[in-house]
Amino acid sequence: METIIKKVDPNAINEETIWQAGEILKQGGLVAFPTETVYGLGANALDEEAAKKTYEAKGRPSDNPLIVHIAQLQALNEIANGIPVETMRLAHRFWPGPLTMIFKKKEKVPYGTTGGLDTVAVRMPSHKIALALIEAAGGYVSAPSANTSGRPSPTEASHVAQDLNGKIDMILDGGNVEIGVESTILDMTVTPPMILRPGAVTREMLEDVLGEVAVDKTLLSDTDRQAPKAPGMKYRHYAPKAQLMIVEGEVAEAVKAIKQIAYEQTRLGYSVGIIATSETMKQYTVGSIKSIGTRENEASVARNLYRILREFDEEEVQYIYSEAFAVEGIGTAVMNRLMKAAGHHTLQADSITRLQKYRRVVFVSESDNCRGPMAALLFRKQPLLQEYVVMSRGLVVLFPEPVNQKAEAIVKSKQLTMAAYQTTGLAAEDITDDTLVLTMEERQKQKVREAFPQAEHVFTLPEFVEDGEEVPSPYGEPLVRYGETYELLEKLVKKLAEKLNEEARKL
Ligand code: TXA
Ligand code: MG
């Protein structure tokens with residue numbers, strides 16, 4: 001089947017295109033169209049055969065009921081029975097818009113559309129193209145999200161084409177959607193009404209109208225073994241091809257944990273995607289890093305979520321790590337979709353970061369003008385699983401001065417520099433409980449222990465990596481000896497990184 005793709009400007013709707021699309025629907029065909037939430041795959045909701053085609057095109061189980069989209073309030077009375085009185089207050093406030101309500105169905109609605117249920121889900125979308133199309137099609141358009149079942153919902157026409165090109169009659173391209181996550185579903189057949197799927201119309205907004213609102217307990221946790229009340233919510237929806245993991249906890253900790261895991265996965269040869277925010281994006285170093293929006297405005301996160309999951313699919317990353325978002329406002333919908341996409345795989349950031357034994361590494365030498373700063377410089381260049389504050393300090397530093405010129409000459413020959421460094425004396429505040437103090441010589445180790453009895457982890461660098469005893473000072477010797485010191489430190493620091501990475505990996 002050749003899929004007709006037509007651009008439609010929502011602010012200057014081409015009547016002829018809409019008429020053509022309406023005719024296709026009236027004749028039992030399938031037309032994808034934009035709504036304010038996601039793109040929908042439209043069919044005539046009163047036509048059992050059209051519903052069958054919908055399931056086929058999406059590859060969706062046919063027990064998963066469709067939402068009937070209407071454009072006029074009177075249409076609701078034609079398809080629903082026993083409409084509770086509060087409905088009008090809700091419709092008045094939220095329709096047209098991202099709210100779907102469930103009622104007892106009238107006979108007119110075929111079981112093919114409701115997945116065999118005696119209830120029907122109804123929504124009046126606000127998107128101008130959607131409203132025009134529903135009118136043109138006769139008033140009742142069933143529309144699931146226009147994606148292949150199991151893939152992220154489409155938020156632009158190209159996503160629909162990726163999934164359904166050749167399988168449906170027409171795609172109306174109205175540009176990017178506004179909201180990005182599917183409508184809130186509210187079951188009006190129970191008292192109090194119950195949210196079966198969170199969306200842009202939040203619980204608080206509904207409570208504002210209704211007073212009390214219940215929430216399907218299965219929405220965010222999967223500890224509850226009960227099946228969700230909206231049949232569609234039980235499938236592993238919105239699933240990216242990669243394994244997605246959500247890292248919960250304080251943002252700063254989450255960033256650290258994700259960096260650490262991403263580094264390790266990359267080292268093992270896996271490709272990694274990271275869902276960051278504009279606030280945290282720059283802190284990541286490895287992996288395919290994408291900003292999903294800003295934490296200041298969670299609506300931006302909702303808008304980009306599915307597009308980003310699709311982009312990772314295209315890049316064929318094997319693992320995706322995402323920061324978590326606050327479960328409030330539209331964040332509730334974002335986390336619901338993310339959790340489902342992740343198959344509820346979450347990780348507590350501090351379970352990774354808390355276990356870090358050392359957070360600071362201090363290289364201690366005599367006057368902090370050669371071996372110490374060299375070691376710190378070399379250590380910072382190592383690939384490290386965890387983050388460390390790295391510094392060098394001297395035992396005898398009377399006033400700050402630049403590093404030894406020969407030492408600088410050696411590191412310069414390696415395209416590095418310590419030119420900006422000023423020597424610094426070791427002070428009590430440099431040594432916290434989680435500081436690893438590494439001296440160059442045995443004597444320095446003893447001195448640190450005597451002067452700073454609170455220091456718990458003091459070793460000579462060679463001793464710590466089990467390779468020799470001391471790093472002798474090249475002071476007063478020819479340049480080649482400085483070169484040898486550099487080589488020795490490079491070897492030891494590499495071992496140090498391996499040892500620390502090894503310990504981190506054991507966690
Ligand atoms: O924002 C939206 O609602 C989009 C756009 C296109 O309008 N549509 C959408 O449809 O998300 P779909 O088919 O992807 O999701 C419909 C959800 C499913 O989880 C389904 O199980 C639930 O609504 N649903 C539909 N009828 C229901 C009913 N009678 N009782 C309980 N759940 C129902
Ligand atoms: Mg869907």
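# Talking through a predicted model

Trainee: To get us started, how many helices and strands are there in the protein?
Mentor: Happy to begin there, and do keep in mind that this is a predicted model. The secondary structure of the protein comes to 17 helices and 21 strands.

Trainee: What percentage of the residues in the protein is buried?
Mentor: A residue is called buried here when its relative accessible area is under 20%. The accessible surface of the protein is about 21,900 Å², and carbon and sulfur atoms hold 50% of it. Of the 507 residues, the buried share is 54%.

Trainee: And how far apart do the centres of the positive and negative side chains lie?
Mentor: Good one to ask. The protein carries 58 positive side chains and 70 negative ones. The distance between the centres of these two sets is 2 Å.

Trainee: Which element supplies the largest share of the largest nonpolar core?
Mentor: This core has 34 residues, and the members that touch the most others are Phe363, Phe379, Leu461, Leu496 and Leu500. Several elements give at least two residues each, among them strand 18 (360-365), helix 13 (371-380), helix 14 (405-413) and strand 20 (435-439). Helix 16 (461-464) and helix 17 (479-506) also belong to that list. The largest share, eight residues, is supplied by helix 17.

Trainee: Let's zoom in on one core member: which residues is Leu496 in contact with, leaving aside its neighbours within four places in sequence?
Mentor: Leu496 is among the core residues that touch the most other members. With those sequence neighbours left out, the contacts of Leu496 are Phe363, Phe379, Leu436, Leu438, Leu461, Phe464 and Val465.

Trainee: Is Asn369 buried or exposed?
Mentor: Asn369 sits in the loop between strand 18 and helix 13. Beyond its neighbours within four places in sequence, Asn369 contacts Pro402, Val403, Asn404, Ala407 and Thr423. The cut-off for buried is under 20% relative accessible area. Because its relative accessibility is 15%, Asn369 counts as buried.

Trainee: How many residues of helix 11 are buried?
Mentor: Helix 11 covers residues 331-341 and is mostly covered. Its buried residues include Gly331, Met335, Arg337 and Lys340. They pack against strand 11 (194-197), strand 13 (243-248), helix 10 (298-315), strand 16 (319-323) and strand 17 (346-348). Of the 11 residues in helix 11, the buried ones number 10.

Trainee: Why does Val471 count as buried?
Mentor: Val471 lies in the loop between helix 16 and helix 17. Leaving aside neighbours within four places in sequence, Val471 has contacts with Arg371, Met440, Glu441, Pro462, Thr485, Leu488, Leu489 and Leu492. Its C-alpha atom is 8.6 Å from that of Thr439, which is 32 residues away along the chain. Val471 counts as buried because its relative accessibility is 0%.

Trainee: What is the relative accessible area of Glu466?
Mentor: Glu466 lies in the loop between helix 16 and helix 17. Its phi is positive, near 55°, in a residue other than glycine. Glu466 is exposed, and its relative accessible area is 70%.

Trainee: One more on the backbone: which residues does the cis peptide bond with omega about -10° join, in the case of Pro192?
Mentor: Two cis bonds are worth a look. The peptide bond from Trp95 to Pro96 is cis, with omega near -10°, and Pro96 is in the loop between helix 4 (86-94) and strand 6 (99-105). Pro192 lies in the loop between strand 10 (184-187) and strand 11. Its cis bond, with omega about -10°, joins Thr191 and Pro192.

Methods:
Residues numbered from 1 in each chain as written. Chains lettered and ligands numbered in written order. Predicted model: local features only at pLDDT ≥ 70, side-chain atom pairs only at ≥ 80, totals over all residues. Heavy atoms only, no water. Helix = DSSP H or I, 4+ residues; strand = E, 2+ residues; numbered from the N terminus. Buried < 20%, exposed > 50% of the residue type's maximum accessible area, 1.4 Å probe, protein only. Areas by Shrake-Rupley, 256 points an atom, 1.4 Å probe, with all protein chains shown as cover. Lys, Arg positive; Asp, Glu negative; His and termini not counted. Charge placed at Lys NZ, Arg CZ, Asp CG, Glu CD. Core = buried A, V, L, I, M, F, W, Y, C linked by side-chain atoms within 4.5 Å. Contact = heavy atoms within 4.5 Å.
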